[in-house]
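Visitor: Could you walk me through this model, starting with a salt bridge and how exposed its partners are?

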Amino acid sequence: MRKIIWLLFLFITFGCSREPKKLPYLGNPITQGNDTIYPKINDFSFINQDSTIVTNKTFKNKIYVADFIFLSCPTICPKMNVELNKVYEVYKNNPKVNFLSHTIDPERDSIQRLKDYKTSLKLNENWHFVTGNKDSIFNIATKSYFTTAYPDVNEPGGLVHGGGLLLIDKNRHIRGVYDGTNPEETKRLINDIKLLLKE
């Protein structure tokens, strides 16, 4: 009996005191007094496949996964879409989890083309495909999401972009970056979203 009581004591003491795992904040922080301030996604305003304006406020009190793609991409985009779809299938019925895909080819990826693409995938309102001014998209990619996006006539499709899936918390901080072509990274993203939802 004493042994059982002792084991219960250990379980309560150490089981309850264990801090839940938290995801890191990514980016170079600055210090203001006693506060450590991490970079946030800058304000943005783009147009989605339904001609609706999408801003930071669209994701208020939500977390989201962002990526940068273009529909005529002949290299990594199809793989990224397959992997991000796996994440979407897990969280598609959770309104606290959204998805934000930016086209880096707004000249070819019209609003109608984005709409047709989304319709073909049978996605719900949790996933936005956005377009806008090319410079604005390139700028937010490099300066807010710390990823790559630029034109290059020597590359397949004429554009270069990073293959990362970026996990953003409800306070606009980057909390994870995942290789969008790697199924193991997809599993890690799915698990990390679970952790972030608990914060």
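Guide: Asp43 counts as exposed, at 64% relative accessibility, where buried means under 20% relative accessible area, exposed over 50% and partly exposed in between, with a 1.4 Å probe and protein chains only. This is a predicted model, in which local features need pLDDT of at least 70 and side-chain atom pairs count only at pLDDT 80 or more, while totals for chains, interfaces and linings use all residues. Residues are numbered from 1 along each chain as its sequence is written, and side-chain values use heavy atoms, with hydrogens and water left out.

Visitor: Which side chain does Asp43 meet in a salt bridge?

Guide: The partner is Arg172, at 2.6 Å from N to O; a salt bridge here is a side-chain nitrogen of Lys or Arg within 4 Å of a carboxyl oxygen of Asp or Glu. Arg172 lies in the loop between E10 and E11 and Asp43 in the loop between strand E2 (35-37) and E3, so the pair ties together parts that are 129 residues apart in sequence. Strands are DSSP runs of E with at least two residues, helices are runs of H or I with at least four, and both are numbered from the N terminus.

Visitor: And is Arg172 buried, exposed or partly exposed?

Guide: Arg172 is partly exposed, at 27%. Its phi is near 75°, a positive value in a residue other than glycine.

Visitor: Where else is there a positive phi in a residue other than glycine?

Guide: Ser51 has phi near 65°, and Ser51 sits in the loop between strand E3 (45-48) and strand E4 (53-55).

Visitor: How many salt bridges are there in the whole structure?

Guide: A search finds 12. Among them, Asp50 and Lys115 meet at 2.8 Å, N to O. Asp50 lies in the loop between E3 and E4 and Lys115 in helix H3 (residues 111-121), so this pair ties together parts 65 residues apart in sequence.

Visitor: What about Arg108 and Asp105?

Guide: Their side chains meet in a salt bridge at 2.5 Å, N to O; Arg108 is partly exposed at 42%, whereas Asp105 is buried at 4%. Elsewhere, salt bridges that share partners join Asp169, Arg175 and Glu199 into one network.

Visitor: Switching topic, which residues line the largest pocket?

Guide: The lining includes Tyr25, Lys96, Asp169, Arg175 and Glu199. A pocket is an open set of points on a 1 Å grid over the protein atoms alone, where a 1.4 Å probe fits, with protein on both sides within 12 Å along at least five of seven lines, and lining residues have an atom within 4 Å of a point.
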